[in-house]
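Thank you for making the time this morning. I would like to walk through the salt bridges with you, so please keep the sequence and the structure in view while I talk.

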Amino acid sequence: KCTQLGKLEEGKVVHEHFLKSKFKSNIFVLNTILNMYAKCGNLDDAHTTFDKMPIKDMVTWTALITGYSQNDKPEEALALFPKMIKLGLKPNQFTLSSLLKASGAVPSDKLGRQFHGFCIKYGYAWNVYVGSSLLDMYARCGQMKEAQSVFDGMADKNEVCWNALIAGHARKNEAEDALKLFWKMQRQSFKPTHYTYSSVFSACSTIGALEQGKWIHAHMIKSGEKLIAFVGNTLVDMYAKAGSIKDAKKIFDRLEKIDVVSWNSMLTGYAQHGLGKEAVRQFEEMLRLGFRPNEITFLGVLTACSHGGLLNEGQHYFGLMKKYQIEPDVFHYVTIVDLLGRAGLFDRAQRFIEDMPVQPSAAIWGALLGACRMHGNIELGTLAAERVFELDPHDSGPHVLLYNIYASAGRWSDAARVRKMMKACGVKKEPACSWVEIENTVHMFVANDDAHPQKEEIRRMWEKISRKIKEVGYVPDTRHVLLFVDQQEREAKLQYHSEKLALAFALLNTPHGTIIRIKKNIRICGDCHSAIKFVSKVEKREIIVRDTNRFHHFSDGSCSCRDYW
């Protein structure tokens, strides 16, 4: 009873009582006491009890192994197995399941594969309980082919098997596979659990699948599931990452129990949407209500300050980390470099990097390089780029940024040198593409795309829109065509960027007044950003663009980023 209720102190009293009784050496009683300590998380007393037991059986070893495995101490659990085997004891299904759980929590799948061999040897490989743990082990190690193979070989399946496979795909950002399994699971009459919904919401968030996420949310409500903590948190995260920060806030306000993860999900959402002031208000409310922030909380609010240009607030919160005894890691330092750099305070940003107690990483120099591109600081940008090349020579992003800095300044020979360097190092720029989802079909576009079935209508639509926005003040910003060509050709090249084609397609194929949602695999082009602001005004449409860095909400001629990006 003490084990079921988690009453550790009362359990200790009962233990003391047994030690004074004739049952003090009874293996059944001692196994129950060992299990109580393990389940209550008191592993020191569990191991002490284990060491003092005059006789140990399979249940004894399994209880201790399970205790370590369930309390995030996989190495200790795995170390017990060889000792147990030397004594000639044969593991049961519970032992193997706990060992497989521990194997899935260590970096390599080498031990897990060996335990797979033991499962076959002892005849438990197709046991549904062991099979579920085996599948989960491979999934946690990222070995999805092996996980699928175990799943396919199981004669009897339960919800745990399906959940483990769906969660594995979601963790590997294989969202489409996770969603397909979710539908298949129901067709085979298995009912989704909280764990299923949590994994599927995570999958939707990685690809920004808002409509599918909404459908699954509705499915969860109809099935009678409540917004308990971890499902609610993944739902908040899904809505925020899929582009609906308003829905994320609605879910946050309805959560039955709010924890630090809930606050972090909301803060990260505000940061991604560039809503710095809202993030600051949320953070202050969190502190007022007595929640203790962790390192992820501070990363969220610092990123929001960086994206929103809130210099004083960002520096204040960075200093506040000391009060909560949180040591900043490299990601926190990146946000401050980004914050200072975006504000054009390059001397302070450089001094900050020099004074850091940690070695500057490629990400830190990359943040400075991005700010130099924003402000056209060629000398410091060149220095930052050189540091990035030393630390991460295969990342195409910094090479492209340096090329853009030189090209924007008209230094074409230096720009050509960067291109040659990229070719010599085998670094390739990721082609820009944008996509829009309409009626469950994803339509993808690249610059000057001529492969879409509606290519002629799309081009005519954009030409029509282009004329309308020029009438109200849009002027093509040819600085964003970083090629050595004349002004007329520069303007022509700007007109058919992937995000403009995606927008024209969406205007053609969606009802007037609906929100248009566009996603892009790299940062939105500056000219496209300007053009979309004008389109939102003349077409009276809300347009949301998600690029690699953040969301841009365009409405009535302005953007949520206030052109600070």
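Which residue does Arg417 meet in a salt bridge? Before I answer, please keep in mind that this is a predicted model. The partner is Asp414, and the two side chains come together at 3.6 Å, taken from N to O. Both residues belong to helix α26, which covers residues 412-425, and because they are 3 residues apart there, about one helical turn separates them.

Lys250 has a relative accessibility of 46% and so counts as partly exposed.

Let me turn now to Lys468 and Glu539, whose side chains meet in a salt bridge at 2.8 Å, N to O. Lys468 lies in helix α27 (residues 455-471), while Glu539 is in the loop between α30 (526-538) and β4 (543-546), so this pair ties together parts that are 71 residues apart in sequence. Here Lys468 is partly exposed, at a relative accessible area of 30%, and Glu539 is buried, at 14%.

Finally, Glu9, Lys12 and Asp45 are joined in a network of salt bridges, and the count for the model comes to 15 salt bridges.

Definitions and conventions. Residues numbered from 1 in each chain as written. Predicted model: local features only at pLDDT ≥ 70, side-chain atom pairs only at ≥ 80, totals over all residues. Heavy atoms only, no water. Salt bridge = Lys/Arg side-chain N within 4 Å of Asp/Glu carboxyl O. Buried < 20%, exposed > 50% of the residue type's maximum accessible area, 1.4 Å probe, protein only. Helix = DSSP H or I, 4+ residues; strand = E, 2+ residues; numbered from the N terminus.
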